[in-house]
Amino acid sequence: MIMERNMLCWCGSGKKYKKCHMTMDERLLALASEGHITPPREIIKTAEQIEGIRKSAKLNTAVLDHVAKHICEGMSTAQIDKLVYEYTTSHGGIPAPLGYEGFPKSVCTSLNNEVCHGIPDEDIILKDGDIINVDVSTILDGYFSDASRMFTVGKTSARAERLIRVTKECVELGLTEAKPWNHLGDIAYAINSHAQANGYSVVEDIGGHGIGLEFHEEPFVSYVTPKGSEMVLVPGMIFTIEPMINEGSPDFFIDEENGWTVYTEDDGLSAQIEYMVLITEDGAEILSK
Ligand code: MF3
Ligand code: CO
């Protein structure tokens, strides 16, 4: 829709366009004409949507806290799934993974050499020294949220601890680049260069995503793209920062039997931490982590 300066803004703020998104739209138009990738209007959330998404994200974080409280050695990943399902549904939410493109469980649990999308199973038992990513995604009142944490079981090796520490540093460094008028590639560069400086690699082809009104929205978020590349960031965008960091090669393969679980090609360890962030006027707000 073409907006006149005195019309009500498309974002639903009730303000005149000239007092609301007009300046931003003009700047985006100029950037697009210079060849930059700019966000389509549909992925810029309104204040009302942000409120709903924030509530969903709050529940998502509470689910992760619930897992953190109960996860322990000797537990099966199916028990983690049960914790997630019961906590989420008893608080009015729906686990987003359940039935998503045929995914059979409520949460992804990825151990050691598993990169992501591990399927909870009663035969997978957490044992001393394991590292595990628990990736929780929630639907509340139609709004989607998503975040993941790494957990260690018993006494973990220094090698595994270092991988997890650097992965967390990668996400935090990426976060400092998440601000208006930066590019997604700035986040990717911060992450990839820190991973490489520590001798690790960042998984390509699997990445983050926009989120909020759907589980996976535009943009696809790569963590290996160059500084200054990919989509320009503006306030109201919501997406995930969730790099998968491998000890060895970034190559992976997908379980042929279940069609989901992603493993490192070289059998090395992989870690992932996911924050869900909202771009604000002057930076980013973590909605769930
Ligand atoms: N949180 C995961 C992601 O954003 C969910 C993958 S889809 C699922 O990539 F079905 F496996 F849950
Ligand atoms: Co995600």
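**Entry 1: Asn 198**

I started with Asn 198, which, leaving aside its neighbours within four places in sequence, is in contact with Arg 162 and Val 166; contact means heavy atoms within 4.5 Å. I was looking at a predicted model, where local features need pLDDT of at least 70, side-chain atom pairs count only at pLDDT 80 or more, and totals for chains, interfaces and linings use all residues. Residues are numbered from 1 along each chain as its sequence is written, chains are lettered from A and ligands numbered from 1 in the order in which they are written, and side-chain values use heavy atoms, with hydrogens and water left out.

Where does Asn 198 lie? I found Asn 198 in the loop between helix 5 (184-197) and strand 6. Helices (H or I, at least four residues) and strands (E, at least two) are DSSP runs, numbered from the N terminus. The side chain of Asn 198 reaches the backbone oxygen of His 194 at 2.8 Å.

**Entry 2**

Two strands pair if DSSP finds at least two bridges between them.

I then looked up the open sheet with the order 3-12-11, whose three strands pair antiparallel. Its edges are strand 3 (114-116) and strand 11 (252-254). Three bridges join strand 11 to strand 12 (residues 262-264), and Ile 254 has Val 262 as its bridge partner.

**Entry 3: ligand 1**

Which residues come nearest to ligand 1? Of the 13 residues around ligand 1, I noted Pro 97, Asp 135, Asp 146, His 209 and His 216 as the nearest; a residue counts as near if one of its heavy atoms lies within 4 Å.

I checked the histidines too. An N or O atom in the side chain of His 209 is 2.8 Å from an oxygen atom of ligand 1, and for His 216 the distance is 3.1 Å.

Notes: Polar contact = N/O pair within 3.5 Å; in protein donor to acceptor, adjacent residues only side chain to side chain.
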